[in-house]
Amino acid sequence: MSSNEPKLTVVGAGLVGSLLSLYLARRGHTVEVLERRPDMRRETLDAGRSINLAISTRGLHALRQVGLEEEALKHAIPMRGRVIHPVKGELAYQPYGKDDSQHINSLSRGWLNQFLMTRAEETGRVKLRFRQRVTQADVTAGTLTVLDEATGETREVRDAVVFGTDGSGSAVRQAMQPRPEFHATQEPLGHGYKELTIPPGPGGGFQMEKHALHIWPRGAFMLIALPNEDGSFTCTLFLPWKGPLSFAALETPAALEAFFQEQFPDAKALIPGLVEEFFARPTGHMVTVKCAPWRAGGRTLLLGDAAHAMVPFYGQGMNCGFEDCVVLDSLLAKQQDWDEAFQAFEKLRKTNADAIADMAVENFIEMRDSTGDPRFLLEKGVEKV
Ligand code: FAD
């Protein structure tokens, strides 16, 4: 890049923005990151989109490139297969690969985000600024209007190279909307999600198989659970918004308990806080966002969920966003010009991101339905647990 270094501004210090700032710093750039939330390392925040998530080869590769894989894996729990929970009868185990080396990993989202922020700051080139909400952007001029949520004051960042990593509801993407060449689609899933907890057992250990992703496939809906380092599991209930078996139908504790007793009796026995958690926690939305172009004016680029939000059923949203950082970094190693790098980035990433987003929707059908189908179990060579 030129010696007249422009201001590099990353909007959003989520998983992708934090990692991206670290990558940019390692290339010698000075980076300012604007994050609308308070600093999660100092204030307890809701974990956000999910409490834990599955990191797989793509995401690990991105961490390896910046020397963080080993430390991250110390906090991860390998999940070597799926455990399928029928309503009645024996559990079934579906290994992910031919041997245990083929696995995905459960990792705390909050821990990972904080870890990436701290490592980015430690480069000495990244300045994270919290409670800084980008409210408007001129994506061709590189101007951002920023509301300081602590003081209520508004200021402008000018002449910046802007990286929009502000998630599925991206303000940077919205600022691209009026451009004639820009188009975007947002497809909300007809299902929402709710997180629930299986605490550690009385002795502090895991109450189900630790090294597995647990699934209760029930056709139109499902429950899943991923292990946490403290011996608990975070369960996620995916349920339609409307209809006879839906969030709308679970309005009372009695209805909720009856539903769990009928559909997930073994899980219900392990979730003592079912009613409290269910009614206290928000119900999450899921959306597929596709848009193009991801760049504007040679100085603004969307990455991560801002460019390609996907439903979580392939466990690839963050992994794909981390891969964005790897690809952009490799292009910045070769290109002398931001616009050229951004164009090449979009060319390399767009088709892949769209494909993974489509596969994620397809995998919802496999997870909630086919994993419990006896023919599928036979095809996959399923073992009893
Ligand atoms: P985000 O994580 O959404 O971060 C965006 C950041 O920008 C946030 O910190 C936000 O506060 C900030 N921000 C937003 N607007 C502004 C603004 N105007 N100004 C300043 N800051 C702003 N992916 C996986 O790879 N594996 C999984 O197992 C997995 N499980 C998931 C489970 C669920 C239930 C869900 C919903 C998603 C899951 N995902 C998973 C997807 C993953 O969560 C996302 O792909 C990932 O969080 C995207 O990271 P991001 O940094 O692009 O966006």
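1. Helices (H or I, at least four residues) and strands (E, at least two) are DSSP runs, numbered from the N terminus. On that numbering, G167 sits in the loop that links strand 12 (160-164) to helix 5 (171-176). The model is predicted.

2. Is G167 buried or exposed? The cut-off for buried is 20 or more other C-beta atoms within 10 Å. G167 has 23 C-beta neighbours inside 10 Å, so G167 counts as buried.

3. What does G167 touch beyond its neighbours within four places in sequence? Its contacts there are G12, G14, D305 and A306. I365 is another matter: 198 residues separate it from G167 in sequence, and the C-alpha to C-alpha distance is 25 Å.

4. Now the ligand. The shell around it holds 35 residues, of which G12, G14, G167, G304 and G317 come nearest.

5. Which elements supply at least two residues each to the shell around the ligand? They are helix 1 (15-26), strand 3 (52-55), strand 9 (132-138), helix 9 (305-308) and helix 10. Helix 10 gives the most, with four residues. By class, the shell has 14 nonpolar, 14 polar and seven charged residues.

6. Helix 10 also packs against other helices. Two packed helices are described by the angle between their axes and the distance between the axes. For helix 10 (residues 317-332) and helix 11 (residues 338-368), the axes come within 9 Å and cross at roughly 155°. Angles over 145 degrees count as roughly antiparallel. Helix 10 and helix 11 are therefore roughly antiparallel to each other. Their crossing is right-handed.

7. Who makes that contact? Helix 10 contributes C320, D324, V327, L328, L331 and L332; helix 11 contributes A341, A344, F345, L348, R349, A353 and I356. Eleven of the contact residues are nonpolar, none is polar and two are charged.

8. Helix 2 (residues 57-65) is the other partner to check. Its axis and that of helix 10 come within 7 Å and cross at roughly 40°. This crossing is left-handed. On the helix 2 side are R58, G59, H61, A62 and Q65. They meet M318, N319, C320, F322, E323, C325 and V326 of helix 10. The contact of helix 2 with helix 10 has six nonpolar, four polar and two charged residues.

9. One residue is worth a look in both interfaces. C320 of helix 10 is in the contact with helix 11, and C320 is also in the contact with helix 2.

Methods: Residues numbered from 1 in each chain as written. Predicted model: local features only at pLDDT ≥ 70, side-chain atom pairs only at ≥ 80, totals over all residues. Axes fitted to C-alpha atoms, helices over the stretch in contact; angles between N-to-C directions. Parallel < 35°, antiparallel > 145°, perpendicular 65-115°, else oblique. Left-handed = near helix turned anticlockwise from the far one by under 90°. Contact = placed C-beta atoms within 7 Å. Nonpolar A, V, L, I, M, F, W, Y, C, P; charged D, E, K, R; others polar. Near = placed C-beta within 6 Å. Buried ≥ 20, exposed ≤ 12 C-beta atoms within 10 Å, placed from the backbone.
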